[in-house]
Each structure stands twice: as structure tokens, then as C-alpha cells.
Amino acid sequence: MKTTYPVILREVEGGYLVDIPGFEINTFGTTQYEAIEMARDAICAAGIDKIDHNEPLPEPITHKEAKVLGGDDLVSVVDIDFDQYRSEVDNRLVRKNLTL
């Protein structure tokens with residue numbers, strides 16, 4: 001499932017604190033690019049957890065609502081693909097050694 005979620009980037013010492021409305025989670029990145037990537041990963045992980053527990057995903061707030069919450073902070077939109085994230089996480093190669 002593909003969707004977008006607005007996030008609020010607040011410049012702090014050493015980088016950007018990212019508030020993710022709806023999921024009520026935060027993340028951090030040293031650059032704007034890294035902050036957006038971390039937000040994408042956090043939203044996907046939280047969303048997959050909700051899906052696995054049969055909980056509804058939060059509806060994305062509007063850009064205008066995000067601007068009100070963010071005030072003077074930077075508001076950006078993060079594209080999310082829960083299906084792609086799940087396939088990437090589920091298909092990680094795990095190496096196991098066995099000695100007989």
C-alpha cells in the first residue's frame with residue numbers, strides 16, 4: 001500500500017528532529033536528507049507493526065494541519081510503500097553457521 005505522510009522537521013543542535021503526527025513518534029537525522037530517510041523508516045516500521053496487530057493505520061493529516069502543528073518549522077511529505085518495506089525487511093539474508 002502506497003501513501004504519503006507529512007512530517008515536521010525541527011532544526012536542533014547537530015541536525016533535525018522529526019515529528020511524525022498520527023503515529024506519535026519522533027526520529028532524528030544529522031541532515032535533512034537523513035532525517036527524511038529516518039522518518040520513512042520509522043513510519044514504515046510502525047505501520048507494519050500496526051498492520052501485523054490488526055490495528056488501523058493513522059490517516060495522514062493534511063499539509064495545512066501539519067503547518068499549524070509545525071509553526072515555523074519545515075514541513076515535508078514522506079512517500080511510504082508498506083508492501084515494499086515489508087518485502088525488503090522480510091527478505092534480508094541471514095547467515096547461520098552449523099557445525100556437525
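**Hairpin, loops and a side-chain contact**

Author: β2 and β3 form an antiparallel pair with 5 bridges; strands (E, at least two residues) and helices (H or I, at least four residues) are DSSP runs numbered from the N terminus, and two strands pair if DSSP finds at least two bridges between them. This is a predicted model, where local features need pLDDT of at least 70, side-chain atom pairs count only at pLDDT 80 or more, and totals for chains, interfaces and linings use all residues. Residues are numbered from 1 along each chain as its sequence is written, and side-chain values use heavy atoms, with hydrogens and water left out.

Reader: Nice. What stands opposite V18 in β3?
Author: That is T27.

Reader: And which residue takes a positive phi in the hairpin of β2 and β3?
Author: G22 does, near 95°, and the hairpin has 4 residues between the strands. E24 has a positive phi too, about 55°, although E24 is not a glycine. E24 lies in the loop between β2 (15–20) and β3 (25–29).

Reader: Is E24 buried or exposed?
Author: Exposed, at 69% relative accessible area; exposed means over 50%, buried under 20%, partly exposed in between (1.4 Å probe, protein chains only).

Reader: Switching topic: where is D73?
Author: D73 sits in the loop between α2 and β4 (74–81).
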